[in-house]
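The following report describes the architecture of a two-chain model.

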Amino acid sequence: MAVRVERADFDVGVEVARLTAGRSDIGAIVTFSGTVRGGSGADAITAMTLEHYPGMTEAELARVEAEAAKRWPLQASLIVHRVGTLKPGDNIVLVVTASAHRQAAFAAAEFLMDYLKTRAPFWKKEMRADGQVRWVAARECDGEAARRWEELPPRG
Amino acid sequence: MPVKILYFAWVREKTGKAEEILDLPANVTTVAELMVWLKGRGPEYAEAFAREDVIRAAVDRNHVKSTATLSGAREIAFFPPVTGG
């Protein structure tokens with residue numbers, strides 16, 4: 001179980017190798033990585049800056065990870081989230097979940113992303129191709145995605 | 001009792017500061033009351049907190065509702081809905 005907030009890029013293969021090194025209790029590894037969308041037409045962007053709340057971000061990511069570990073039998077997990085200025089195509093976020101079987105790893109990865117998007121204190125600011133700068137607005141569907149897990153309570 | 005107040009994203013841009021230490025009056029006991037009190041501190045605060053309903057808050061690095069009490073709080077943060085991931 002680990003969380004990292006950093007400016008540097010990550011390498012998915014390196015992170016998975018590090019997470020699973022020397023382990024034989026893992027049968028399924030799911031990775032999700034999110035990248036900066038460049039958009040098109042009026043929505044085209046040239047860059048994106050991610051701001052966060054140092055201290056709370058790490059605490060909140062750890063709480064989200066602990067919640068996932070309560071719900072599914074995870075052997076290991078990792079959340080890496082980048083901050084600073086990123087360009088279209090750059091990595092933003094990485095979630096890795098490892099379990100004995102795939103169902104838990106798939107579900108936990110989706111849960112981590114859904115909860116992270118509504119709880120972790122990050123804010124995106126877009127530099128648009130037309131020169132405008134604007135804060136990205138939260139999407140209602142992200143709230144709905146996170147809420148559906150509340151109908152599936154944690155395992156006893 | 002001085003508390004640290006933090007502002008993020010467009011709340012920070014509108015107030016013009018990332019953080020400040022303030023002595024809160026005794027009658028400011030909840031997050032909602034603090035937002036009302038801050039609005040009275042100047043036009044930049046009035047602008048930042050004009051849409052109180054969309055602003056989110058954290059007390060000592062935990063998400064809270066606007067009805068949350070400030071009793072014992074050391075660090076209070078105000079920010080727009082989060083947009084990470």
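## Helix packing in chain A

In this predicted model, helix α3 (residues 102-119) of chain A packs against helix α4 (residues 140-147) of chain A at an angle of about 130°, and their axes lie 8 Å apart. α3(A) and α4(A) are therefore oblique to each other. The crossing in which α3(A) passes α4(A) is left-handed.

The residues that meet can be named on both sides. From α3(A) they are A:Asp114, A:Tyr115, A:Lys117 and A:Thr118, and from α4(A) they are A:Asp142, A:Gly143, A:Ala145 and A:Ala146.

## Overall form of chain A

Chain A contains 4 helices and 8 strands. Along the sequence, these elements of chain A follow the pattern β-α-β-β-α-β-β-β-α-β-β-α. Chain A has a radius of gyration of 16 Å, close to the 15 Å given by the globule rule for 156 residues, so it is as compact as a globular protein of that length.

Taken along the principal axes, the C-alpha atoms of chain A fill a box of roughly 50 × 35 × 30 Å. Of the 156 residues in chain A, 32% are buried. Among contacts in chain A between residues at least 6 apart in sequence, 78% join residues at least 24 apart.

## Strand β4 of chain A and its partners

Strand β4 (residues 74-82) of chain A has 8 of its 9 residues buried, so the strand is largely enclosed by the rest of the structure. Pairing between strands of a sheet is made through backbone hydrogen bonds, in either a parallel or an antiparallel sense. β4(A) takes part in pairings of both kinds, parallel with strand β1 of chain A and antiparallel with strand β6 of chain A.

With strand β1 (residues 2-6) of chain A, β4(A) is joined by 5 bridges. Within that pairing, A:Arg4 stands opposite A:Val80 of β4(A). With strand β6 (residues 91-99) of chain A, β4(A) pairs over 7 bridges. Here A:Ala76 has A:Ala98 in β6(A) as its bridge partner.

## The sheet of chain B

Chain B holds an open sheet of 5 strands, in the order β2-β1-β5-β3-β4 and with mixed pairing. At the edges stand β2 (19-23) and β4 (62-64) of chain B, each with a single partner strand, so one side of each is left without a neighbour in the sheet. From one strand to the next, the twist averages 30°.

Strand β3 (residues 56-59) and strand β5 (residues 75-79) of chain B run antiparallel and are joined by 4 bridges. In this pairing, B:Val59 has B:Ile76 of β5(B) as its bridge partner.

## Contact between the chains

The contact involves 21 residues from chain A and 14 residues from chain B. On the side of chain A that touches chain B, α2 (56-71), α3 and β7 (122-128) each supply at least two residues. The largest share of that side, 5 residues, comes from α3(A).

A:Leu116 is located in helix α3 of chain A.

## Positive phi angles in chain B

Most residues other than glycine have a negative phi. B:Ala9, although not a glycine, has a positive phi of about 55°. Its place is in helix α1 (residues 9-15) of chain B. With 23 C-beta neighbours inside 10 Å, B:Ala9 counts as buried.

B:Asp60 is likewise a residue other than glycine with a positive phi, near 50°. B:Asp60 is found in the loop between β3 and β4 of chain B. It has 15 C-beta neighbours inside 10 Å and therefore counts as partly exposed.

Technical notes: Residues numbered from 1 in each chain as written. Chains lettered and ligands numbered in written order. Predicted model: local features only at pLDDT ≥ 70, side-chain atom pairs only at ≥ 80, totals over all residues. Pairing = 2+ DSSP bridges. Axes fitted to C-alpha atoms, helices over the stretch in contact; angles between N-to-C directions. Rg over C-alpha atoms; globule rule 2.2 N^0.38 Å. Buried ≥ 20, exposed ≤ 12 C-beta atoms within 10 Å, placed from the backbone. Contact = placed C-beta atoms within 7 Å. Parallel < 35°, antiparallel > 145°, perpendicular 65-115°, else oblique. Left-handed = near helix turned anticlockwise from the far one by under 90°.
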